[in-house]
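Hi everyone, thanks for coming. Let's have the model up on the screen, and then I'll walk you through a few spots.

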Amino acid sequence: MTRPSRSTPLEETRGASASGELLLEVRDLRTHLDTKNGLVRAVDGVSFRLHSGETLGIIGESGSGKSMTVLSMLQVVPKPAARIVGGEVLYRGQNLLEKNEREMRRIRGREIAMILQDPQTSLNPVFTIGNQIVEALRLHRRDGGGKALVHRAVEALRQVRIAAPEERIRSYPHEMSGGMKQRAVGALAISCGPRIIVADEPTTSLDVTIQAQYLRLLRDLQRETGLAILFITHDFGIVAKLCRHLLVMYAGRVVEAGPVRAVFNNPAHPYTRALLGSVVRADTKAERLEAIAGQPPALWGLPSGCRFAPRCPHADDRCRKEYPPQLRVRDEASDHVASCWRLEESHGNR
């Protein structure tokens, strides 16, 4: 039986289009936290690529390292407990981990912007929406006076489909609905013309109707501007609607990566299959949803082998002793990879 070929970390995922400019390349990123329980490997060797115009999804349970990965990229990890101990974050060829705080301030917001999960805590309640957008513009865009900055702020609100932006720019956060506040956070993110937006579960607090509108808005903005989006979520439905490529994270590592269609049609890692099995589907009549046995491991006491082994119904002694390398999944996608020893035997587990 032929062994599947092993991929290099940089081949985990490709852009939606091979012709798109490579904007971001994360190589073997590692972030540790010192806690009272011991050393926590919150991000442990994460690698991926992001091209212009691409939406890359990152999915996994709480505590899998999704948010800590993007916070490490931007050097905003909680200090002094957290420290980035290895890897590279190459933005257009420049390693962001080598830049000091002053240099990073020029990049955050101007080149890479972030939409946080809760708009209520993302916006300052004592300043108007316009004040907050103009503040960001004043920091990053110094090619105009006060009126020009206000005009740009109004245009940012108009881009995110906020009605009567000339009036809403004078509104305080408490005067806006949850969906409108999330749009205002989006306007703040796009106001300085970034090339990449990191969206950290931005639809969690929205109802289904507003969520659909917000996702449609992100797609429209991407088509208009060529934005690259790094979208963090728990929701496979959002991934299916918005993303072309996907990373599945577990206990600080990427356990499966590839095009969304390939991962959905042929999930190769038991954890990915378990996640997909727990999703309600309209085309099936399952009596009850599948549950993933056990709990995620404590990150200060990780097993030596596969981190999913204690919860995996297929785990054997090898899984418990040795962490599997990334192996290519044998399907229609050349960049579909997973870290599972069973791939050596099953040729993609079809």
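Which residues lie nearest the centre of the largest pocket? They are Arg108, Gly109, Met114, Ala136 and Leu188, out of 20 lining residues. Before going on: this is a predicted model, so-called local features need pLDDT of at least 70, side-chain atom pairs count only at pLDDT 80 or more, and totals for chains, interfaces and linings use all residues. Residues are numbered from 1 along each chain as its sequence is written, and side-chain values use heavy atoms, with hydrogens and water left out.

A pocket here is an open set of points on a 1 Å grid over the protein atoms alone, where a 1.4 Å probe fits, with protein on both sides within 12 Å along at least five of seven lines; lining residues have an atom within 4 Å of a point. The largest one holds about 720 Å³ of space, a volume filled by probe spheres set on the points. Helix 4 (129–140) gives the most to that lining, five residues, while strand 6 (112–115) and helix 7 (178–190) each supply at least two. Helices (H or I, at least four residues) and strands (E, at least two) are DSSP runs, numbered from the N terminus.

Now helix 1, residues 66–73: six of its eight residues are buried, meaning under 20% relative accessible area with a 1.4 Å probe, protein chains only. Among them are Met68 and Val70. Just after this helix, Gln75 takes a positive phi of about 60 degrees.

Lastly, Glu344 sits in helix 13 and is buried, at 11%. Its side chain makes a polar contact (N or O atoms within 3.5 Å, one able to donate a hydrogen and the other to accept it) with the side chain of Arg318, at 3.2 Å.

Key:
Buried < 20%, exposed > 50% of the residue type's maximum accessible area, 1.4 Å probe, protein only.
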